[in-house]
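Please find below my notes on the chain you sent. They are kept to points that can be checked against the coordinates.

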Amino acid sequence: MPKKHFVKDLEQFVGKEIEDVFLVRDILDKNTKDGQEYLELIIVDLSGSQTARIFDNIDEVRVKIEKGKIYKLRLSIYQYYGNQLGIKILDAEKVTTYDVRDFIPSSQRNPQEMFNELKKF
């Protein structure tokens, strides 16, 4: 599945649901101000990282998702408190086939050009 949606661009999808692959860097147990339990995940790709939250079926998700693994996530993107970006994970499916380059930051410059420049020193 070629990656179409990157973390840095998620704000463009406010009010929509999207589905794409992301690395889950971390998973934290949290509670809202009124005591509701939820999971906070840090999702990552080559463009950066973003916090996402799961409010429903927490026990099921806790067993299903491991940090450090790549998942196809169905996300609902929303705004709260005016301009804060919110991401709610609606579904997660572990994937085994992906392009590792989608998760490793790299230069936009041509590698051969950079190498040639380096050789001049």
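1. Confidence. This is a predicted model. The chain has a mean pLDDT of 89, and 99% of its residues reach 70 or more.

2. Secondary structure. There are 5 strands and 2 helices in the chain. Read from the N terminus, the order of the elements is β-β-β-α-β-β-α.

3. Overall dimensions. The radius of gyration of the chain is 17 Å, whereas a compact globule of 121 residues would have one near 14 Å. Along the principal axes, the C-alpha atoms fill a box of roughly 60 × 35 × 25 Å.

4. Of the 121 residues, 34% are buried. The chain exposes about 8,100 Å², of which carbon and sulfur atoms supply 47%. Among contacts with a separation of 6 or more, 50% are between residues 24 or more positions apart.

5. Main core. The largest nonpolar core has 22 residues, and the members that touch the most others are Leu10, Ile43, Ile65, Leu73 and Leu75. At least two residues of this core come from each of strand E1 (17-31), strand E2 (37-45), strand E3 (48-54), helix H1 (58-64), strand E4 (69-80) and strand E5 (84-94). Another core, of 7 residues, lies apart from it and includes Val21, Val44, Val95 and Phe103.

6. Ile43. Which residues does Ile43 touch, not counting those up to four places away in sequence? They are Val7, Leu10, Phe22, Leu23, Gly48, Ser49, Gln50, Ala52, Leu73, Leu75 and Ile87. Of these partners, Leu10, Leu73 and Leu75 are also named among the core members that touch the most others.

7. Asp45. This residue is in strand E2. Is Asp45 buried or exposed? Its relative accessible area is 2%, so Asp45 counts as buried. The side chain of Asp45 reaches the backbone nitrogen of Val7 at 2.8 Å. Not counting residues up to four places away in sequence, Asp45 touches Lys3, His5, Phe6, Val7, Phe22, Asp102 and Phe103. Val7 and Phe22 are also on the list of residues that Ile43 touches, and Phe103 is one of the residues of the 7-residue core.

Notes:
Residues numbered from 1 in each chain as written. Predicted model: local features only at pLDDT ≥ 70, side-chain atom pairs only at ≥ 80, totals over all residues. Heavy atoms only, no water. Core = buried A, V, L, I, M, F, W, Y, C linked by side-chain atoms within 4.5 Å. Buried < 20%, exposed > 50% of the residue type's maximum accessible area, 1.4 Å probe, protein only. Helix = DSSP H or I, 4+ residues; strand = E, 2+ residues; numbered from the N terminus. Contact = heavy atoms within 4.5 Å. pLDDT = per-residue confidence, 0-100. Polar contact = N/O pair within 3.5 Å; in protein donor to acceptor, adjacent residues only side chain to side chain. Rg over C-alpha atoms; globule rule 2.2 N^0.38 Å. Areas by Shrake-Rupley, 256 points an atom, 1.4 Å probe, with all protein chains shown as cover.
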